[in-house]
Amino acid sequence: MRTGHRLTELGLGAAQFGNLFTETTDDEAHRAVAAATGEGIRYFDTAPHYGLGLSERRLGGALHAATRRGVVISSKVGRLLVDSPDTSHLLDDDGFVVPATKRRVWDFSRDGILRSVEESLARLGTDRLDIAYLHDPDDHWEPASSSGIAALAGLRDQGVVGAIGAGMNQAAMLAEFVRRTDVDVVMVAGRFTLLDQSALHDLLPVAVARGVGVVAAAVYNSGLLSTKVVDGTATYDYGAAPRGIVERAARIAGVCERHGVELPAAAVQYPLRHPAVVSVVTGMRTEEHVRSNVARYRADIPEALWEELHITGLAPDPARAS
């Protein structure tokens with residue numbers, strides 16, 4: 001990246017350390033991080049949102065036990081965690097299997113950003129964030145693009161944060177952040193995959209032009225691209241997959257099979273064909289998840305596969321589009 005940070009092309013997304021959809025143990029998280037560092041992964045992404053701080057605490061504990069040298073940690077700002085005694089007897093209602101002892105409060109003000117970073121540093125057990133992203137500011141463009149970015153830029157100047165940016169499930173607003181603010185990197189989730197190239201013709205070209213790195217996340221589109229054989233009941237963008245999307249995924253899987261490649265491997269490597277993309281982040285709950293994702297990243301994929309996907313119109317080759 002232009003800030004001098006070196007991200008491994010495969011990064012570990014730690015949302016599942018926050019008990020996303022199902023419970024995970026501290027031991028599983030520690031073993032996953034140990035396996036990741038052993039395989040050469042040096043980029044780890046988390047957020048306060050993930051398990052109401054649980055993901056950050058687990059990641060920080062695991063990295064403290066492992067080596068921190070050369071490791072890049074990113075977290076996010078924009079959702080403050082506020083004590084909520086009235087709901088402490090309930091479970092979180094935002095997809096994480098944790099007690100609702102806190103609630104999320106949107107806050108992209110300067111004070112909110114400073115407090116968020118301070119609390120993340122404490123949970124992670126570190127004195128510096130390598131990357132801080134504004135988290136899902138879809139409905140908060142004005143404060144996020146003004147006070148939010150300004151606060152992060154100030155922390156960058158002080159050395160508390162190394163690089164700044166935004167992470168979203170859409171490409172259009174990320175492109176505006178790149179055009180109009182001093183971001184170093186953006187994370188685009190689900191919008192640059194084998195099934196969705198929303199980022200290809202707007203965000204990625206402007207990122208190249210302005211020297212901004214792009215991290216591609218949710219490359220399996222929440223499940224549909226995560227298996228060798230497409231499962232029509234799998235989720236797509238965290239909901240039921242439309243029939244047309246399932247059929248297209250199955251056709252892509254068929255092309256992969258003809259070339260001796262498994263669909264998830266192509267899903268992991270596809271975004272990396274674009275020069276703007278500096279890393280692909282995938283969720284890895286366990287040591288086994290780490291091994292399988294690393295194998296997909298390292299799989300040998302012939303150029304003929306990308307050629308066929310391109311000429312058939314199933315998925316444009318980013319190496320050509322760029």
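Which residues is Asp 130 in contact with, leaving aside its neighbours within four places in sequence? They are His 5, Arg 68, Val 71, Val 72, Ile 73, Gly 162 and Ala 163. Contact here means heavy atoms within 4.5 Å.

The model is predicted; local features need pLDDT of at least 70, side-chain atom pairs count only at pLDDT 80 or more, and totals for chains, interfaces and linings use all residues. Residues are numbered from 1 along each chain as its sequence is written, and side-chain values use heavy atoms, with hydrogens and water left out.

The chain holds eleven helices and twelve strands. Helices (H or I, at least four residues) and strands (E, at least two) are DSSP runs, numbered from the N terminus. The chain is as compact as a globular protein of its length, because its radius of gyration is 19 Å, close to the 20 Å that the globule rule gives for 322 residues. The radius is taken over C-alpha atoms, and the rule is 2.2 Å times the number of residues to the power 0.38. The C-alpha trace spans about 55 × 40 × 40 Å along its principal axes. Of the 322 residues, 56% count as buried. Buried means under 20% relative accessible area, exposed over 50%, and partly exposed in between (1.4 Å probe, protein chains only). Among contacts with a separation of 6 or more, 75% come from residues 24 or more positions apart.

Asp 130 sits in strand 6, residues 129–135. Its relative accessibility is 7%, so Asp 130 counts as buried. The side chains of Asp 130 and Arg 128 are joined by a polar contact of 3.1 Å. Such a contact is a pair of N or O atoms within 3.5 Å; within protein, one must be able to donate a hydrogen and the other to accept it, and residues adjacent in sequence count only if both atoms are side-chain atoms.

Asp 136 lies in the loop between strand 6 and helix 4 (141–158). This residue is not a glycine, yet its phi is positive, at about 50°. Asp 136 is buried, at 15% relative accessibility. Asp 237 also has a positive phi, near 50°. Its loop runs between strand 10 (235–236) and strand 11 (239–240). Asp 237 is partly exposed, with a relative accessible area of 32%.

Cys 256 belongs to helix 7, residues 243–258. Cys 256 is buried, at 0% relative accessibility. Beyond four places in sequence, Cys 256 touches Val 261, Glu 262, Leu 263, Ala 266 and Leu 305. Ile 301 is 45 residues from Cys 256 in sequence, and their C-alpha atoms are 8.9 Å apart.
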